[in-house]
Amino acid sequence: MKKILVFLLAVLTLTSCAKNEDSSSTESLGRNNEGVSLIRLTMPSEPDSLDPYISTASDTEAVMHNVYEGLVLFDENGSIIPGLAESWEISDDGLEYTFHLRDDVTFHSGEHMDSADVAYSFEIISGLSTGEPISSRFSTITAIETPDEYTVILNLSEPNAAFLEGTRVGIIPEGYTDSATAPIGTGPYEFVEYTPGQRIVLEKNDEYYDESRMGSIDRAEIYIMSDESAIVTALQSGQLDMAQVTGSDAEVLNRNFTIHSNPQNMVCLFALNNAIEPFNDIRVRMALNYAINKDNIIYGAFDGYATRLDSNFSPVMASYYNSDVENFYPYDPEKAIELLKEAGYTDGFSFTITVPSNYQQHVNTAQIIAEDLKAVGIKAGIQLVEWGTWLEDVYSNGNYETTIIGLTGKLDPYEILVRFVSDFRRNFFHYNNGEYDKLIKEAMVETDENKRAELYKECQMILTEDAACVWTCDPNLVIAMRSDLKGYKSYPLAFTDLSALYYEE
Amino acid sequence: MRYYLRKLIGLVVTLILVSLVTFFVFQILPGDPALIILGLDADVNQIEALNRTLGLDRPLTERYISWIKGLFNGDLGISIRYNQSVSSLIGQGLKVTALLALYSMIFTVAIGIPVGLFLASHSRKKYSIPISIVSQLSLSIPSFCMGILLISIFSVRLNLLPSIGYTPISEGFFKSFKSLLLPSLSIALGSSAILIRYVRVSVLKEMGKDYVRTARSKGLSKRRIMYAHVLKNSLIPVITILGLLTADILGGSIIIENIFSLPGIGRLITVSISSRDLPLIQGLVLYLSLIVVICNFIVDLVYSLVDPRIRLR
Amino acid sequence: MKRYFSNPSFLIGSIILFMMLALLVISFFHTPYDVTAMDLANKLAKPSQEHFLGTDQFGRDILSRVMKGIEVSLLIGFMAVSSGLLFGLLIGSFSGYFGGRLDEIIMKIIDTLMAFPGVLLAMMLIAVFGNGLLNTIIALSVMAVPRFARITRSGYMELRDSDFVKAERIRGAGSLRIMFSHILPNIVSELSATASLSFASAIMSEAGLSYLGLGMQPPSPSLGIMLSEAQDYMLRAPWYVLIPTITIALLVIAFNLIGDGLQEMNGGVK
């Protein structure tokens, strides 16, 4: 017995000694042994692909947008700003886009960037060289011209007001095919390594062309971590410098950490299958909207770190947001019961909420909804399913009664609202309204910015009036950072802007 | 010789069965790998394109058969989720998990056998009761709770040990050992408690046997009997338990690797199941069952060497 | 019976189990609060007079939920162990008694099952059939079958050639009669020890599965679900995570001690 104790003590002492000799430097100023400044942060899931033309996951984009840059970039308000193209013109018919490229950009591989690289990239993006566009939004590109070294002209078959926003997709060097394993871009950070299951490492691009967006921290280690308590303990023990946390943890972490909490342009909703009974009856859908107390969800599942929603649109996108939908259905269980009676459900009814089990906040939301509905005589059972099963059954096949999900933000309202268009392949709500379809199509080709915004606002109102879903909230992105780490910028799109961050000496 | 040959054939049959079971599970499991990889924001084009690049447009049975064919050439195929060769992924993960399992096993034995012996030879309650309580507690707290508990003590409060990530041996043995110390302890505390019980029971059984009484009456000291005779004989059943514990430790590593963010086999298992990565899960299951089967095989062999009667059955 | 309670492990185990059962019985008639009733204004309240063990993230009373949680854990443990025992016993007895080809095939299948680490097997089963009480029980009993089958088989193999079985056979007793009225009673004590230990590991596995989001469905108050939910609030409400942990630990300790006691007694070891 003594021997074991001695052994254990020896192990502990040895390890704690070893600790002291190597880690003193990492503690104070975010520097590692070689005196290189370092930031350690997290991403919640494995990258889907490092290839910018395969990847669609927002978690991946949040990181890789530091490596890849497109012709245009976006600022903190979600507005388009010049990127690799310093300016551009759009023809009056909206069919010809002319981009004037910067002449001082080099790839991380050291090659100079010119129009040939952009043409090569857009040939893949549009599918002109591969036969298949990387996404249907690029299927309208018919020709790519490069009149000179720094000009690129894209020709479209039909006008699309959302096209410019799409040109923020990353540009890669001409002829490069290894993006999936060794990404090369032009961004302020370059890719160093990816260890599956563990981390991605990026390093500062010292050759970056724009002084104002040049990074300050030399090296970034992004750990793939999904376990909430593991993240919090790692923050507290100084093994992470910055991480996304839950509202609940933020309430405690705010003693020693800087907390940034911003809406993230996400739409969390309680989706109803509009095609089946009883949800095909608008009175039932309205009753559900009246019966659910959204403030309870915001407080109970998100600890208050969320913004209430009443349509399929987050107020962050201020220029397109319709504030008239606010509080359209106030919490009113009496009215809900009345509406249910009208619809012929005097004794209520029962149904299942199918929830992806990997999102604790959705599971919590489901429990609160079920409890609220109990009060108006509706029995809601909760069925947890694995994420893969959810995607197949609910999202792809639309085979469900109700579900809870968060839809990630987009910069273009079309991409947010198209989910409710009747012939959209992923309209898992089975929502069908001819007028809505018409308005969305009009907005898509409308080039006048103000008119376009009006059309989208109208669309939001239609969704709310039809009570197509019960929209709950836009959960805040809550970031905890070491108190000496400054410069955090929040975007209406998944993007962790490493170049803005710096340590206060 | 025929005995060993039959055992060997049995081993191969088990592995084939394991692979078939996995295949059938995936046959009925809903979920489209490309959709899972790309998620909610992908449009239908992107999913179809990915399916084609990954060769997922072919029927599952066809893919399985070509996977089997590849297996005979020593090729485990390409992971769908990571787009890397399965053998290199398993190789990378194995470096972590093998070390984790090794340390866990060392801790288990280093704690389990001495404490078990101690409990068996000291029936005085002064020692045995506190030790029993501690060992019961460590046995009854699920390993992930133990993990969280150890993290909150050693990483958060004392700030002594890291709680995330793995440092490879190439960066220094000590740093590497430190990065695996808490995870392996979280596993070992539970499994050593199991070992303690088995050691204790098996030693006590052995001490009740006639030859011990004879030796006692001949005037041999208790210590002498313990170490020269009882220990050797009573450790044979303990070997079986060590074989079984290997499976436990590997199973435990699935959860523990998630808590400590270790890029090991356990992480790969979770990801491969949730992303329906058939080549990867097949490779993993094959590899895992190989280890477990080999452990049992070794146990059987040791048995039959010790007790030749077993071979006759 | 007295013999059993003179064994300290068995005695302590039984006392703990008895207390748990008492809580369970009370929960049938009365819990301080409704187990699913929410009171969001009172979320994550510290233990107090109104809420003896505090409240959870929805302001639900933790004591009431633990009381019901014991019921769920015991139900899952009982169903998983008894079906595991039943199938394990049937498989093991036929396999061990008759031996030969059949035995070899069955043991191959059992080895296959044992070759999967338990958690992996359960993960795959639940991925296929979905979460829920019944599926959790099925997954856990599949995990338990091999252990029982192996123990039964070795018991039968040892006894099938023993003198009293030979004597019965000469007297003309049928195989089934020999198997179940003569051999079985001899291995009951060993099986009951194993059952008790399996009970403990089923409770732990349920917690582990729920932790991975693969076990029971909320808002059912399973201890595993409570633990996995509590985990997110470890920082803010440490007591919330401690309570289900301690309850699980107590249940597991109770069954382990009883199992130990049974083992000691039939091994003749004091």
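Into which domains is chain B divided? In this predicted model, chain B consists of domain 1, covering residues 15-72, and domain 2, covering residues 86-312. The centres of domain 1 and domain 2 of chain B, taken over C-alpha atoms, are separated by 35 Å. Each domain contributes to the contact between them, with 12 residues from domain 1 of chain B and 12 residues from domain 2 of chain B. On the side of domain 1 that touches domain 2, the elements giving two or more residues are α1 (2-28), α2 and α4 (60-72) of chain B. Of these elements, α1(B) supplies the largest share, namely 5 residues. By class, this side of domain 1 of chain B comprises 8 nonpolar, 3 polar and 1 charged residues.

Two helices of chain B also meet one another. The axes of helix α5 (residues 86-121) and helix α8 (residues 173-207) of chain B come within 6 Å and cross at roughly 35°. The crossing of α5(B) with α8(B) is right-handed. In this contact, 20 nonpolar residues are found together with 7 polar residues and 1 charged residue.

Contacts between chains were examined next. Between chain B and chain A, 53 residues of chain B are in contact with 47 residues of chain A. On the side of chain B that touches chain A, two or more residues are given by each of α2 (33-38), α3 (44-53), α5, α7 (143-157), α8, α10 (222-259) and α11 (265-274) of chain B. The largest share of this side comes from α5(B), which provides 7 residues. Sorted by class, the side of chain B that touches chain A holds 31 nonpolar, 15 polar and 7 charged residues.

Within chain A, 4 strands form an open sheet of mixed pairing, in the order β1-β10-β9-β8. The edge strands, each of which pairs on one side only, are β1 (38-43) and β8 (189-195) of chain A. From one strand to the next, the twist averages 20°. Strand β1(A) runs parallel to strand β10 (residues 219-224) of chain A, and 6 bridges join the two. In this pairing, A:L38 stands opposite A:R219 of β10(A).

Conventions. Residues numbered from 1 in each chain as written. Chains lettered and ligands numbered in written order. Predicted model: local features only at pLDDT ≥ 70, side-chain atom pairs only at ≥ 80, totals over all residues. Axes fitted to C-alpha atoms, helices over the stretch in contact; angles between N-to-C directions. Left-handed = near helix turned anticlockwise from the far one by under 90°. Nonpolar A, V, L, I, M, F, W, Y, C, P; charged D, E, K, R; others polar. Contact = placed C-beta atoms within 7 Å. Domains from an automatic or database assignment. Pairing = 2+ DSSP bridges.
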